[in-house]
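Please look over the chain shown below before reading on. The report that follows takes up its overall layout, its core and a few individual residues.

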Amino acid sequence: MQGLIFNVGDGDSDAVGRLVHTTSIDAIRAAHLEQRRLWVEIGARSDEGVALLLETFGLHPLVVEDIFTDRSSPKIDPYPDYLYIVVHALRPTSDPTRLELVVLDIVVGKTFVLTQHRDGHPPDRMRA
């Protein structure tokens, strides 16, 4: 699990804000409880990660199950405190005549975005 936390500069600083990269679930949990803006790339299923999604972010258990399950249909499911989105994209392969299907799960809340890529970490273009 990886998180990018946006820290807003304090009143005495000229800094508008900065992104802090973390792999600490405790730091992600604390940032969410402080209602700081953050992006979390969920990564592979783990007991600690599932607990974070259920307990800290308050995701419905069926959403958490869907995040880690392969499916064939894109969808958008609205919930009271967040929006759950499954999108498909195409990416090139080493063979220039072939494309590969990529599935991306996205949960958008008021102060957070959660993503899960079944094919590894998000590309640098998306992170930027």
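Is tyrosine 82 buried or exposed? In this predicted model, tyrosine 82 has a relative accessible area of 6%, so the residue counts as buried.

## An aromatic pair

The structure holds 2 aromatic pairs. In one of these, the rings of tyrosine 79 and tyrosine 82 have centres 4.9 Å apart and planes at 15°, and the pair is therefore stacked. Whereas tyrosine 82 is buried, tyrosine 79 is partly exposed, with a relative accessible area of 26%.

## Overall layout

The chain has 4 helices and 7 strands, and, read from the N terminus, these elements follow the order β-β-α-β-α-α-β-β-β-β-α. Of the 128 residues in the chain, 36% are buried. The chain exposes about 8,100 Å², and carbon and sulfur atoms supply 54% of that area.

Contacts also link parts of the chain that lie apart in sequence: among those between residues at least 6 apart, 42% join residues at least 24 apart.

## The nonpolar core

The largest nonpolar core has 23 residues, and those with the most contacts inside it are Leu38, Leu53, Phe57, Leu59, Ile67, Val107 and Leu114. Helices and strands both contribute to this core, with at least two residues supplied by each of helix H1 (25–33), helix H2 (47–56), helix H3 (61–67), strand S3 (38–41), strand S5 (82–92), strand S6 (99–109) and strand S7 (112–117).

Which residues of H1 are buried? They are Ile25, Ile28, Ala31 and His32. Seen down the axis of H1, these buried residues fall within an arc of 125°, which means that they line one face of the helix. This spacing can be read against a general rule: an α-helix has 3.6 residues a turn, so residues three or four places apart point the same way. On the other side of H1, Asp26 and Leu33 are exposed.

The N-terminal end of H1 is capped by serine 24, a side-chain oxygen of which lies 3.3 Å from the backbone nitrogen of aspartate 26.

For comparison, most residues other than glycine have a negative phi. With a relative accessibility of 60%, glutamine 35 counts as exposed, because the cut-off for that class is over 50%.

## Two further buried residues

Threonine 56 belongs to helix H2 and is buried, with a relative accessible area of 14%. Leaving aside residues up to four places away in sequence, threonine 56 touches Arg29, His32 and Ala51.

Where does phenylalanine 68 lie? Phenylalanine 68 is placed in the loop between H3 and strand S4 (75–78). Its relative accessible area is 19%, so phenylalanine 68 is classed as buried, although this value should be read with the cut-off in mind, since buried means under 20%. Phenylalanine 68 and valine 50 are 18 residues apart in sequence, and their C-alpha atoms are 9.7 Å apart in space.

How values were computed. Residues are numbered from 1 along each chain as its sequence is written. This is a predicted model: local features need pLDDT of at least 70, side-chain atom pairs count only at pLDDT 80 or more; totals for chains, interfaces and linings use all residues. Side-chain values use heavy atoms; hydrogens and water are left out. A nonpolar core is a set of buried Ala, Val, Leu, Ile, Met, Phe, Trp, Tyr and Cys residues joined through side-chain atoms within 4.5 Å. Buried means under 20% relative accessible area, exposed over 50%, partly exposed in between (1.4 Å probe, protein chains only). Contact means heavy atoms within 4.5 Å. The arc is that of the directions from the helix axis to the C-beta atoms. A polar contact is a pair of N or O atoms within 3.5 Å; within protein, one must be able to donate a hydrogen and the other to accept it, and residues adjacent in sequence count only if both atoms are side-chain atoms. Rings of Phe, Tyr and Trp (its six-membered ring) pair if their centres lie within 6.5 Å; planes under 30 degrees apart count as stacked, over 60 as edge-to-face and the rest as tilted. Accessible areas come from the Shrake-Rupley method with a 1.4 Å probe; for residues, only the protein chains shown count as cover.
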